[in-house]
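Open the structure in your viewer and keep the selection tool at hand. This tour goes stop by stop and says what to pick next.

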Amino acid sequence: MSGLKRGSVAVVGAAESDLGQVAPHTSPVDLMAQATMRALDDCGLKLSEIDGVFSAATQVRTAPMTLSEYLRIKPGYFDGTTIGGSSFMTHVAHAQAAIEHGLCEVALIAYGSTQRSVSRAAASPREPNPYENPYRPFMPASAYAMAAARHMHQYGTTREQLAEVAVAARKWALLNPKAWEKEPLTVEQVLKSRMVSYPFTVRDCCLVVDGGGAVILTSAARAKSLKKKPAYVLGVGESLSHASISSMPDLTVSAAAVSGPKAFKMAGLKPSDINMLSLYDAFTITPLLFLEDLGFCPKGEGGRFVASGAIAPGGKLPVNTSGGGLSYCHPGMYGLLVIIEAVRQVRGECDKRQVKNCEVALAHGNGGVLSSQCTVLFGGPSTV
Amino acid sequence: MSDLMKQSPYGVFLDHCKKGELAYQVNADDGKAFFYPRVVAPVTGSEKIEWRVSKGLGTVYATTVVYTKDQPPHNVALIDVDEGFRMMSRVEEVDPLGVKIGMRVKVKMHPGDEKQPTYPVFTPAGGGK
(Lines give C-alpha, C1' and ligand atoms only; values in the text may rest on other atoms or scores of the structure.)
Protein backbone atom coordinates (compact mmCIF):
# COMPACT_ATOMS: atom_id res chain seq x y z
CA MET A 1 0.00 0.00 0.00
CA SER A 2 3.03 2.27 0.31
CA GLY A 3 2.73 2.83 -3.46
CA LEU A 4 -0.07 5.34 -2.89
CA LYS A 5 0.56 9.04 -2.40
CA ARG A 6 -0.63 10.85 0.70
CA GLY A 7 -3.35 13.35 -0.16
CA SER A 8 -3.49 12.55 -3.89
CA VAL A 9 -7.28 12.13 -3.81
CA ALA A 10 -10.15 13.43 -1.72
CA VAL A 11 -13.70 12.61 -0.86
CA VAL A 12 -15.66 15.49 -2.36
CA GLY A 13 -19.23 14.28 -1.95
CA ALA A 14 -20.83 12.22 0.80
CA ALA A 15 -24.42 11.35 1.63
CA GLU A 16 -26.66 8.82 3.26
CA SER A 17 -29.71 7.38 1.59
CA ASP A 18 -32.93 7.32 3.57
CA LEU A 19 -32.24 5.38 6.76
CA GLY A 20 -34.33 3.31 9.14
CA GLN A 21 -37.34 1.48 7.78
CA VAL A 22 -37.94 2.26 4.11
CA ALA A 23 -41.15 1.72 2.13
CA PRO A 24 -42.14 -1.82 1.18
CA HIS A 25 -40.48 -3.16 -1.98
CA THR A 26 -37.63 -0.65 -1.89
CA SER A 27 -34.55 -2.32 -3.35
CA PRO A 28 -30.96 -2.00 -2.13
CA VAL A 29 -30.11 -0.41 -5.47
CA ASP A 30 -32.87 2.19 -5.03
CA LEU A 31 -31.03 3.23 -1.87
CA MET A 32 -27.64 3.26 -3.62
CA ALA A 33 -29.00 5.43 -6.43
CA GLN A 34 -30.70 7.84 -4.04
CA ALA A 35 -27.49 8.24 -2.04
CA THR A 36 -25.45 8.63 -5.25
CA MET A 37 -27.52 11.58 -6.44
CA ARG A 38 -27.34 13.19 -3.00
CA ALA A 39 -23.54 12.75 -2.95
CA LEU A 40 -23.27 14.25 -6.44
CA ASP A 41 -25.41 17.18 -5.33
CA ASP A 42 -23.10 17.55 -2.33
CA CYS A 43 -20.08 18.16 -4.61
CA GLY A 44 -21.67 19.60 -7.75
CA LEU A 45 -20.52 16.85 -10.11
CA LYS A 46 -22.87 15.22 -12.63
CA LEU A 47 -23.85 11.60 -12.95
CA SER A 48 -22.27 11.47 -16.41
CA GLU A 49 -18.91 12.40 -14.89
CA ILE A 50 -18.68 9.19 -12.85
CA ASP A 51 -16.24 6.86 -14.61
CA GLY A 52 -15.36 4.56 -11.71
CA VAL A 53 -17.90 2.50 -9.75
CA PHE A 54 -17.08 0.69 -6.50
CA SER A 55 -19.78 -1.19 -4.68
CA ALA A 56 -20.55 -4.23 -2.55
CA ALA A 57 -23.79 -5.44 -1.01
CA THR A 58 -24.98 -8.74 0.43
CA GLN A 59 -28.26 -8.49 -1.49
CA VAL A 60 -26.68 -7.54 -4.84
CA ARG A 61 -24.05 -10.07 -5.91
CA THR A 62 -22.80 -8.02 -8.84
CA ALA A 63 -23.16 -4.61 -7.21
CA PRO A 64 -21.00 -2.45 -9.56
CA MET A 65 -22.75 -3.96 -12.58
CA THR A 66 -26.27 -3.68 -11.20
CA LEU A 67 -25.78 -0.13 -9.98
CA SER A 68 -24.26 0.93 -13.33
CA GLU A 69 -27.25 -0.50 -15.15
CA TYR A 70 -29.68 1.31 -12.85
CA LEU A 71 -27.90 4.63 -13.36
CA ARG A 72 -27.24 3.89 -17.05
CA ILE A 73 -23.60 4.79 -16.72
CA LYS A 74 -20.71 2.92 -18.34
CA PRO A 75 -17.75 3.22 -16.01
CA GLY A 76 -14.35 2.40 -17.46
CA TYR A 77 -13.25 1.12 -14.09
CA PHE A 78 -15.14 -0.85 -11.45
CA ASP A 79 -14.40 -2.90 -8.37
CA GLY A 80 -16.75 -5.11 -6.36
CA THR A 81 -14.38 -6.19 -3.62
CA THR A 82 -16.59 -7.73 -0.94
CA ILE A 83 -14.99 -8.40 2.42
CA GLY A 84 -17.88 -7.45 4.69
CA GLY A 85 -18.38 -4.10 6.38
CA SER A 86 -14.89 -2.85 5.63
CA SER A 87 -15.35 -3.26 1.86
CA PHE A 88 -15.79 0.48 1.43
CA MET A 89 -12.52 1.44 3.12
CA THR A 90 -10.90 -0.95 0.68
CA HIS A 91 -12.82 0.75 -2.14
CA VAL A 92 -11.35 4.09 -1.04
CA ALA A 93 -7.85 2.61 -1.27
CA HIS A 94 -8.57 0.99 -4.62
CA ALA A 95 -10.22 4.15 -5.97
CA GLN A 96 -7.16 6.11 -4.93
CA ALA A 97 -4.94 3.69 -6.85
CA ALA A 98 -7.22 3.89 -9.90
CA ILE A 99 -7.34 7.70 -9.87
CA GLU A 100 -3.57 7.98 -9.36
CA HIS A 101 -3.01 5.74 -12.37
CA GLY A 102 -5.52 7.51 -14.58
CA LEU A 103 -7.89 4.55 -14.73
CA CYS A 104 -10.76 6.79 -13.66
CA GLU A 105 -11.24 10.41 -12.61
CA VAL A 106 -14.46 10.46 -10.62
CA ALA A 107 -15.06 7.42 -8.43
CA LEU A 108 -18.39 6.51 -6.87
CA ILE A 109 -18.55 4.20 -3.85
CA ALA A 110 -22.10 3.14 -3.03
CA TYR A 111 -23.96 0.78 -0.72
CA GLY A 112 -27.55 -0.13 0.09
CA SER A 113 -29.42 -2.66 2.20
CA THR A 114 -33.02 -3.40 3.11
CA GLN A 115 -32.15 -5.83 5.88
CA ARG A 116 -34.72 -4.46 8.32
CA SER A 117 -37.50 -4.78 5.74
CA VAL A 118 -36.61 -8.24 4.44
CA SER A 119 -34.95 -9.65 7.64
CA ARG A 120 -31.29 -10.27 8.30
CA ALA A 121 -31.60 -13.92 7.40
CA ALA A 122 -32.88 -12.98 3.94
CA ALA A 123 -30.45 -10.10 3.42
CA SER A 124 -27.33 -12.01 4.51
CA PRO A 125 -27.90 -15.77 4.20
CA ARG A 126 -25.24 -17.88 5.89
CA GLU A 127 -22.74 -19.68 3.73
CA PRO A 128 -22.37 -23.43 4.19
CA ASN A 129 -19.65 -24.29 6.70
CA PRO A 130 -19.74 -27.92 7.87
CA TYR A 131 -17.22 -27.19 10.64
CA GLU A 132 -19.21 -24.37 12.27
CA ASN A 133 -22.86 -24.45 11.27
CA PRO A 134 -23.71 -27.67 13.22
CA TYR A 135 -23.07 -25.76 16.46
CA ARG A 136 -25.65 -23.07 15.59
CA PRO A 137 -23.62 -19.99 16.51
CA PHE A 138 -25.74 -16.85 16.16
CA MET A 139 -23.55 -15.16 13.61
CA PRO A 140 -21.97 -12.76 13.60
CA ALA A 141 -22.84 -11.96 17.24
CA SER A 142 -21.49 -15.22 18.70
CA ALA A 143 -18.07 -14.72 17.12
CA TYR A 144 -17.71 -11.27 18.65
CA ALA A 145 -19.14 -12.57 21.93
CA MET A 146 -16.34 -15.13 22.09
CA ALA A 147 -13.81 -12.37 21.44
CA ALA A 148 -15.37 -10.41 24.29
CA ALA A 149 -15.28 -13.48 26.56
CA ARG A 150 -11.62 -13.94 25.76
CA HIS A 151 -10.85 -10.26 26.43
CA MET A 152 -12.70 -10.49 29.75
CA HIS A 153 -10.73 -13.62 30.65
CA GLN A 154 -7.31 -12.25 29.73
CA TYR A 155 -7.63 -8.62 30.82
CA GLY A 156 -10.40 -8.50 33.40
CA THR A 157 -12.65 -6.49 31.10
CA THR A 158 -16.20 -6.37 32.47
CA ARG A 159 -19.66 -6.39 30.97
CA GLU A 160 -20.15 -2.94 32.54
CA GLN A 161 -17.13 -1.62 30.62
CA LEU A 162 -18.46 -3.06 27.38
CA ALA A 163 -21.83 -1.44 28.12
CA GLU A 164 -20.08 1.93 28.39
CA VAL A 165 -19.40 1.71 24.65
CA ALA A 166 -23.13 1.45 23.97
CA VAL A 167 -23.90 4.26 26.42
CA ALA A 168 -21.33 6.58 24.81
CA ALA A 169 -22.73 5.80 21.37
CA ARG A 170 -26.22 6.63 22.59
CA LYS A 171 -25.08 9.97 24.03
CA TRP A 172 -23.63 10.89 20.64
CA ALA A 173 -26.75 9.64 18.84
CA LEU A 174 -28.91 12.03 20.85
CA LEU A 175 -26.93 14.84 19.18
CA ASN A 176 -27.56 13.45 15.69
CA PRO A 177 -31.06 14.10 14.27
CA LYS A 178 -30.61 11.23 11.79
CA ALA A 179 -29.94 8.64 14.49
CA TRP A 180 -32.39 5.75 14.82
CA GLU A 181 -32.30 5.74 18.62
CA LYS A 182 -33.86 8.76 20.35
CA GLU A 183 -33.90 7.85 24.05
CA PRO A 184 -31.08 7.88 26.63
CA LEU A 185 -29.48 4.58 27.64
CA THR A 186 -27.79 3.50 30.88
CA VAL A 187 -25.25 0.79 31.66
CA GLU A 188 -27.88 -0.98 33.75
CA GLN A 189 -30.33 -0.99 30.85
CA VAL A 190 -27.68 -2.52 28.58
CA LEU A 191 -26.94 -5.29 31.10
CA LYS A 192 -30.63 -6.06 31.74
CA SER A 193 -31.68 -6.18 28.10
CA ARG A 194 -32.49 -9.45 26.34
CA MET A 195 -29.46 -11.75 26.21
CA VAL A 196 -28.41 -12.61 22.65
CA SER A 197 -25.06 -14.37 22.86
CA TYR A 198 -23.36 -14.18 26.24
CA PRO A 199 -21.88 -11.73 27.29
CA PHE A 200 -23.88 -9.63 24.81
CA THR A 201 -27.39 -8.40 25.28
CA VAL A 202 -29.26 -6.88 22.37
CA ARG A 203 -27.86 -3.48 23.44
CA ASP A 204 -24.30 -4.71 22.93
CA CYS A 205 -25.25 -5.41 19.31
CA CYS A 206 -25.58 -3.08 16.36
CA LEU A 207 -28.94 -2.01 15.01
CA VAL A 208 -30.67 -3.79 12.16
CA VAL A 209 -31.99 -1.06 9.86
CA ASP A 210 -32.39 -0.29 6.16
CA GLY A 211 -30.15 2.26 4.52
CA GLY A 212 -27.17 3.04 2.41
CA GLY A 213 -24.79 5.73 1.36
CA ALA A 214 -22.48 7.05 -1.32
CA VAL A 215 -19.23 8.95 -1.51
CA ILE A 216 -17.54 10.55 -4.51
CA LEU A 217 -13.76 10.73 -4.81
CA THR A 218 -11.61 12.59 -7.28
CA SER A 219 -8.07 13.89 -7.60
CA ALA A 220 -6.83 16.48 -5.13
CA ALA A 221 -6.37 18.92 -8.01
CA ARG A 222 -9.98 18.64 -9.12
CA ALA A 223 -11.30 18.53 -5.54
CA LYS A 224 -10.19 22.12 -4.94
CA SER A 225 -12.65 23.49 -7.49
CA LEU A 226 -15.73 21.74 -6.09
CA LYS A 227 -18.45 22.90 -3.72
CA LYS A 228 -17.29 21.59 -0.38
CA LYS A 229 -14.07 21.45 1.59
CA PRO A 230 -12.22 18.30 0.40
CA ALA A 231 -11.55 15.46 2.84
CA TYR A 232 -8.15 14.32 1.62
CA VAL A 233 -7.16 10.68 1.84
CA LEU A 234 -3.95 10.88 3.85
CA GLY A 235 -3.44 7.20 4.50
CA VAL A 236 -5.00 3.82 3.85
CA GLY A 237 -4.26 0.36 5.21
CA GLU A 238 -5.94 -2.94 4.42
CA SER A 239 -5.59 -6.33 6.03
CA LEU A 240 -7.25 -9.75 5.87
CA SER A 241 -6.79 -12.10 8.80
CA HIS A 242 -9.26 -15.01 8.45
CA ALA A 243 -12.82 -15.70 7.35
CA SER A 244 -14.33 -17.90 10.08
CA ILE A 245 -13.87 -17.19 13.77
CA SER A 246 -12.39 -20.68 14.32
CA SER A 247 -9.42 -19.55 12.24
CA MET A 248 -8.72 -16.23 13.98
CA PRO A 249 -5.26 -16.60 15.51
CA ASP A 250 -5.88 -14.57 18.69
CA LEU A 251 -9.41 -13.37 19.47
CA THR A 252 -8.09 -10.39 21.43
CA VAL A 253 -5.93 -8.97 18.63
CA SER A 254 -7.53 -7.85 15.37
CA ALA A 255 -5.81 -7.13 12.08
CA ALA A 256 -6.39 -3.44 12.82
CA ALA A 257 -2.93 -3.85 14.34
CA VAL A 258 -1.75 -4.30 10.73
CA SER A 259 -4.03 -1.93 8.80
CA GLY A 260 -3.63 0.95 11.30
CA PRO A 261 0.18 1.20 11.16
CA LYS A 262 0.05 0.99 7.34
CA ALA A 263 -2.35 3.93 7.20
CA PHE A 264 -0.37 5.95 9.75
CA LYS A 265 2.88 5.29 7.90
CA MET A 266 1.45 6.47 4.58
CA ALA A 267 0.03 9.58 6.24
CA GLY A 268 3.15 10.31 8.25
CA LEU A 269 0.93 10.59 11.32
CA LYS A 270 0.58 8.92 14.72
CA PRO A 271 -2.44 8.23 16.92
CA SER A 272 -1.97 11.45 18.91
CA ASP A 273 -2.48 13.44 15.68
CA ILE A 274 -6.03 12.14 15.27
CA ASN A 275 -8.92 14.41 16.33
CA MET A 276 -11.78 11.92 16.06
CA LEU A 277 -12.32 8.25 15.36
CA SER A 278 -15.05 6.59 13.39
CA LEU A 279 -14.75 2.93 14.41
CA TYR A 280 -16.96 0.15 13.11
CA ASP A 281 -18.99 -0.73 16.21
CA ALA A 282 -20.78 -3.90 15.17
CA PHE A 283 -20.69 -4.94 18.83
CA THR A 284 -19.48 -3.22 21.98
CA ILE A 285 -16.24 -5.21 21.93
CA THR A 286 -15.14 -3.88 18.52
CA PRO A 287 -14.32 -0.23 19.33
CA LEU A 288 -12.50 -1.50 22.39
CA LEU A 289 -10.30 -3.83 20.32
CA PHE A 290 -9.70 -1.18 17.68
CA LEU A 291 -8.71 1.49 20.22
CA GLU A 292 -6.06 -0.95 21.42
CA ASP A 293 -4.96 -2.29 18.05
CA LEU A 294 -4.80 1.15 16.42
CA GLY A 295 -2.60 2.42 19.25
CA PHE A 296 -4.96 4.69 21.23
CA CYS A 297 -4.55 2.72 24.46
CA PRO A 298 -2.39 -0.23 25.52
CA LYS A 299 -3.54 -3.80 24.79
CA GLY A 300 -5.92 -4.92 27.50
CA GLU A 301 -6.73 -1.38 28.67
CA GLY A 302 -9.66 -0.79 26.32
CA GLY A 303 -12.29 -1.54 28.94
CA ARG A 304 -10.87 0.89 31.47
CA PHE A 305 -10.30 3.46 28.69
CA VAL A 306 -13.94 3.52 27.57
CA ALA A 307 -15.26 3.38 31.16
CA SER A 308 -13.36 6.62 31.89
CA GLY A 309 -15.74 8.47 29.57
CA ALA A 310 -12.95 9.13 27.06
CA ILE A 311 -14.99 8.30 23.97
CA ALA A 312 -18.30 9.92 24.95
CA PRO A 313 -19.31 13.55 24.30
CA GLY A 314 -16.97 15.76 26.34
CA GLY A 315 -14.33 13.02 26.53
CA LYS A 316 -10.73 13.35 25.43
CA LEU A 317 -11.08 11.16 22.30
CA PRO A 318 -14.37 11.51 20.42
CA VAL A 319 -15.40 8.16 18.93
CA ASN A 320 -18.41 7.45 16.70
CA THR A 321 -19.95 10.90 16.93
CA SER A 322 -22.83 9.84 14.68
CA GLY A 323 -23.99 7.41 17.35
CA GLY A 324 -22.38 4.53 15.46
CA GLY A 325 -23.79 1.22 14.38
CA LEU A 326 -25.06 0.79 17.93
CA SER A 327 -27.36 3.83 17.97
CA TYR A 328 -27.30 5.79 14.67
CA CYS A 329 -27.81 3.18 11.99
CA HIS A 330 -26.48 -0.18 10.87
CA PRO A 331 -27.77 -1.32 7.50
CA GLY A 332 -25.67 -4.50 7.29
CA MET A 333 -22.27 -3.58 5.87
CA TYR A 334 -22.04 -0.28 7.71
CA GLY A 335 -18.50 0.78 6.71
CA LEU A 336 -19.54 3.41 4.19
CA LEU A 337 -21.44 5.28 6.90
CA VAL A 338 -18.34 5.08 9.11
CA ILE A 339 -16.52 6.92 6.32
CA ILE A 340 -19.27 9.50 5.82
CA GLU A 341 -19.16 10.59 9.48
CA ALA A 342 -15.37 10.99 9.40
CA VAL A 343 -15.64 13.08 6.22
CA ARG A 344 -18.32 15.29 7.76
CA GLN A 345 -16.24 15.86 10.89
CA VAL A 346 -13.24 16.94 8.81
CA ARG A 347 -15.52 19.28 6.86
CA GLY A 348 -16.99 20.71 10.06
CA GLU A 349 -20.58 19.81 9.16
CA CYS A 350 -21.62 18.02 12.33
CA ASP A 351 -23.48 20.79 14.14
CA LYS A 352 -24.14 19.84 17.80
CA ARG A 353 -21.81 16.85 17.67
CA GLN A 354 -19.01 18.62 15.79
CA VAL A 355 -15.53 17.98 17.18
CA LYS A 356 -13.71 21.29 17.52
CA ASN A 357 -10.80 21.86 15.12
CA CYS A 358 -11.21 18.43 13.59
CA GLU A 359 -8.39 18.34 11.06
CA VAL A 360 -7.69 14.59 10.94
CA ALA A 361 -10.26 11.83 11.33
CA LEU A 362 -9.71 8.09 11.31
CA ALA A 363 -12.30 5.81 9.74
CA HIS A 364 -11.83 2.15 10.57
CA GLY A 365 -13.81 -0.63 8.94
CA ASN A 366 -14.31 -4.16 10.15
CA GLY A 367 -15.73 -7.00 8.09
CA GLY A 368 -16.96 -10.53 8.66
CA VAL A 369 -16.12 -11.80 12.14
CA LEU A 370 -13.19 -9.47 12.92
CA SER A 371 -11.90 -10.84 9.60
CA SER A 372 -11.03 -7.86 7.42
CA GLN A 373 -9.69 -4.63 8.86
CA CYS A 374 -9.19 -1.46 6.84
CA THR A 375 -8.19 1.98 8.04
CA VAL A 376 -8.49 5.33 6.23
CA LEU A 377 -7.18 8.65 7.50
CA PHE A 378 -8.93 11.78 6.24
CA GLY A 379 -7.54 15.29 6.57
CA GLY A 380 -8.79 18.79 5.91
CA PRO A 381 -7.01 21.37 3.72
CA SER A 382 -4.52 22.27 6.46
CA THR A 383 -3.07 18.75 6.36
CA VAL A 384 -1.90 18.70 2.74
CA MET B 1 -1.78 -36.13 -3.67
CA SER B 2 -5.42 -35.18 -3.40
CA ASP B 3 -7.90 -36.53 -5.89
CA LEU B 4 -11.15 -34.63 -5.68
CA MET B 5 -12.72 -37.04 -8.16
CA LYS B 6 -12.51 -39.70 -5.44
CA GLN B 7 -12.81 -37.99 -2.07
CA SER B 8 -13.09 -34.58 -0.46
CA PRO B 9 -11.51 -33.34 2.78
CA TYR B 10 -14.89 -33.04 4.48
CA GLY B 11 -15.91 -36.45 3.15
CA VAL B 12 -12.92 -38.10 4.83
CA PHE B 13 -13.54 -36.12 8.04
CA LEU B 14 -17.16 -37.26 8.05
CA ASP B 15 -16.19 -40.92 7.50
CA HIS B 16 -14.04 -40.68 10.62
CA CYS B 17 -16.88 -39.04 12.56
CA LYS B 18 -19.11 -41.98 11.66
CA LYS B 19 -16.51 -44.27 13.29
CA GLY B 20 -16.51 -42.06 16.38
CA GLU B 21 -13.17 -40.47 15.50
CA LEU B 22 -12.15 -36.80 15.47
CA ALA B 23 -9.81 -36.59 12.48
CA TYR B 24 -7.40 -33.81 11.60
CA GLN B 25 -4.51 -33.31 9.24
CA VAL B 26 -0.78 -32.82 9.63
CA ASN B 27 1.64 -31.32 7.15
CA ALA B 28 4.13 -34.18 6.71
CA ASP B 29 6.92 -31.73 5.85
CA ASP B 30 6.90 -29.78 9.10
CA GLY B 31 4.66 -31.88 11.37
CA LYS B 32 2.22 -29.02 11.95
CA ALA B 33 -1.40 -29.91 12.63
CA PHE B 34 -4.15 -27.91 10.98
CA PHE B 35 -7.92 -27.75 10.91
CA TYR B 36 -10.30 -27.59 9.02
CA PRO B 37 -9.27 -30.31 6.57
CA ARG B 38 -7.88 -29.13 3.23
CA VAL B 39 -6.46 -30.48 -0.03
CA VAL B 40 -3.19 -28.61 0.57
CA ALA B 41 -1.42 -27.63 3.76
CA PRO B 42 -1.87 -23.95 4.66
CA VAL B 43 1.14 -21.65 4.42
CA THR B 44 3.38 -24.07 2.53
CA GLY B 45 0.90 -25.43 -0.01
CA SER B 46 2.38 -28.88 0.50
CA GLU B 47 0.26 -31.80 -0.66
CA LYS B 48 2.09 -34.16 1.66
CA ILE B 49 -0.74 -34.32 4.15
CA GLU B 50 -1.39 -37.08 6.66
CA TRP B 51 -4.71 -37.76 8.32
CA ARG B 52 -4.51 -38.46 12.05
CA VAL B 53 -7.08 -39.32 14.69
CA SER B 54 -7.08 -37.09 17.76
CA LYS B 55 -7.04 -38.50 21.28
CA GLY B 56 -10.04 -36.22 21.72
CA LEU B 57 -8.84 -34.06 24.58
CA GLY B 58 -8.75 -30.30 24.52
CA THR B 59 -9.14 -27.01 26.37
CA VAL B 60 -11.84 -24.37 25.99
CA TYR B 61 -10.26 -21.31 24.31
CA ALA B 62 -13.40 -19.17 24.06
CA THR B 63 -17.07 -19.66 24.86
CA THR B 64 -20.49 -18.10 24.45
CA VAL B 65 -24.10 -19.03 25.09
CA VAL B 66 -26.64 -18.51 22.34
CA TYR B 67 -30.16 -17.51 23.33
CA THR B 68 -32.85 -18.30 20.79
CA LYS B 69 -36.58 -17.77 21.01
CA ASP B 70 -37.86 -21.30 20.73
CA GLN B 71 -35.11 -23.42 22.25
CA PRO B 72 -33.16 -23.56 25.48
CA PRO B 73 -29.85 -21.65 25.48
CA HIS B 74 -26.92 -23.60 24.03
CA ASN B 75 -23.17 -23.36 24.27
CA VAL B 76 -20.81 -22.55 21.39
CA ALA B 77 -17.09 -22.77 22.07
CA LEU B 78 -13.71 -22.77 20.40
CA ILE B 79 -11.65 -25.75 21.55
CA ASP B 80 -7.87 -25.96 21.42
CA VAL B 81 -7.38 -29.67 20.81
CA ASP B 82 -4.24 -31.12 22.38
CA GLU B 83 -2.68 -32.16 19.07
CA GLY B 84 -2.34 -28.49 18.14
CA PHE B 85 -5.41 -27.30 16.26
CA ARG B 86 -8.48 -25.24 17.09
CA MET B 87 -12.08 -26.00 16.16
CA MET B 88 -15.56 -24.74 16.87
CA SER B 89 -17.74 -27.07 18.91
CA ARG B 90 -20.22 -27.25 21.77
CA VAL B 91 -19.62 -28.39 25.32
CA GLU B 92 -22.52 -30.55 26.51
CA GLU B 93 -23.58 -32.20 29.77
CA VAL B 94 -22.96 -28.97 31.70
CA ASP B 95 -24.90 -25.73 32.11
CA PRO B 96 -23.96 -23.68 29.02
CA LEU B 97 -22.96 -20.72 31.20
CA GLY B 98 -20.83 -23.11 33.27
CA VAL B 99 -18.49 -23.68 30.33
CA LYS B 100 -15.37 -21.71 31.22
CA ILE B 101 -12.26 -20.73 29.33
CA GLY B 102 -9.47 -23.12 30.34
CA MET B 103 -11.84 -26.02 31.07
CA ARG B 104 -10.58 -29.45 29.96
CA VAL B 105 -12.95 -31.25 27.62
CA LYS B 106 -13.24 -34.58 25.83
CA VAL B 107 -14.77 -35.28 22.43
CA LYS B 108 -17.85 -37.39 21.75
CA MET B 109 -19.84 -37.81 18.59
CA HIS B 110 -23.27 -36.27 18.31
CA PRO B 111 -25.43 -38.53 16.15
CA GLY B 112 -26.91 -35.62 14.16
CA ASP B 113 -30.25 -36.02 12.44
CA GLU B 114 -31.72 -36.38 8.95
CA LYS B 115 -30.44 -32.90 7.95
CA GLN B 116 -27.17 -32.80 9.88
CA PRO B 117 -24.64 -35.64 9.63
CA THR B 118 -22.87 -36.79 12.78
CA TYR B 119 -20.48 -34.20 14.26
CA PRO B 120 -18.08 -33.86 17.18
CA VAL B 121 -19.09 -32.20 20.44
CA PHE B 122 -17.27 -32.11 23.77
CA THR B 123 -18.06 -32.85 27.41
CA PRO B 124 -16.17 -31.80 30.54
CA ALA B 125 -13.11 -34.01 31.10
CA GLY B 126 -12.38 -32.74 34.58
CA GLY B 127 -9.36 -30.62 35.42
CA GLY B 128 -8.25 -27.38 33.90
CA LYS B 129 -9.36 -24.16 35.50
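Begin with chain B as a surface. The accessible surface of chain B comes to about 6800 Å². Carbon and sulfur atoms hold 53% of that surface. Keep in mind throughout that this is a predicted model.

**Stop 1: chain B as a whole**

Switch to the C-alpha trace. Along its principal axes, the trace of chain B spans about 45 × 35 × 25 Å. Chain B shows one helix and eight strands. From the N terminus, the order of elements is α-β-β-β-β-β-β-β-β. Chain B has 129 residues, and 43% of them count as buried.

Next, look at contacts in chain B with a separation of 6 or more. Residues 24 or more positions apart account for 50% of these. Then colour by charge. Chain B carries 17 positive and 16 negative side chains. The centres of these two sets lie 3 Å apart.

**Stop 2: a three-stranded sheet in chain B**

Select β1, β2 and β3 of chain B. They form an open sheet in the order β2-β1-β3, with antiparallel pairing. β2 and β3 of chain B stand at the edges with a single partner strand each, so one side of each has no neighbour in the sheet.

Zoom in on β1(B), residues 23-27. Five bridges join β1(B) to β3(B), and the two run antiparallel. Which residue of β3(B) stands opposite Q25(B)? Pick W51(B): that is the one facing Q25(B).

**Stop 3: a cis bond in chain B**

Follow chain B from β2 (33-34) towards β3 (49-53). Y36(B) lies in the loop between these two strands. Select F35(B) along with Y36(B). The peptide bond from F35(B) to Y36(B) is cis, with omega near 10°. Most peptide bonds are trans.

**Stop 4: strand β2 of chain A**

Move to chain A and select residues 52-55, which make up strand β2. G52(A) and F54(A) point one way from the strand, while V53(A) and S55(A) point the other way. Are these four buried or exposed? All are buried.

β2(A) and β3(A) pair in the parallel sense over three bridges. Here G52(A) stands opposite Y77(A). Now show helix α2 of chain A, residues 63-71. Together, β2(A), this helix and β3(A) make a right-handed β-α-β unit.

V53(A) stands opposite L108(A) in β4(A).

**Stop 5: backbone details in chain A**

Go to S119(A), in the loop between α4 (115-118) and α5 of chain A. S119(A) has a positive phi of about 90°, although it is not a glycine. Most residues other than glycine have a negative phi. S119(A) is partly exposed, with a relative accessible area of 33%.

Jump to P140(A), in the loop between α5 (120-123) and α6 (141-155) of chain A. A cis peptide bond joins M139(A) to P140(A), with omega about 5°.

Finish at D351(A). Its loop runs between α14 (335-347) and β10 (360-367) of chain A. D351(A) is not a glycine, yet its phi is positive, near 50°. Is D351(A) buried or exposed? At 67% relative accessibility, D351(A) counts as exposed, the cut-off being over 50%.

Terms used:
Residues are numbered from 1 along each chain as its sequence is written. Chains are lettered from A and ligands numbered from 1 in the order in which they are written. This is a predicted model: local features need pLDDT of at least 70, side-chain atom pairs count only at pLDDT 80 or more; totals for chains, interfaces and linings use all residues. Side-chain values use heavy atoms; hydrogens and water are left out. Buried means under 20% relative accessible area, exposed over 50%, partly exposed in between (1.4 Å probe, protein chains only). Contact means heavy atoms within 4.5 Å. Accessible areas come from the Shrake-Rupley method with a 1.4 Å probe; for residues, only the protein chains shown count as cover. Lys and Arg count as positive and Asp and Glu as negative; His and the chain ends are not counted. The place of a charge is taken as NZ of Lys, CZ of Arg, CG of Asp or CD of Glu. Two strands pair if DSSP finds at least two bridges between them. A crossover is right-handed if, with the strands pointing away from the viewer, the path from the first strand over the helix to the second runs clockwise.
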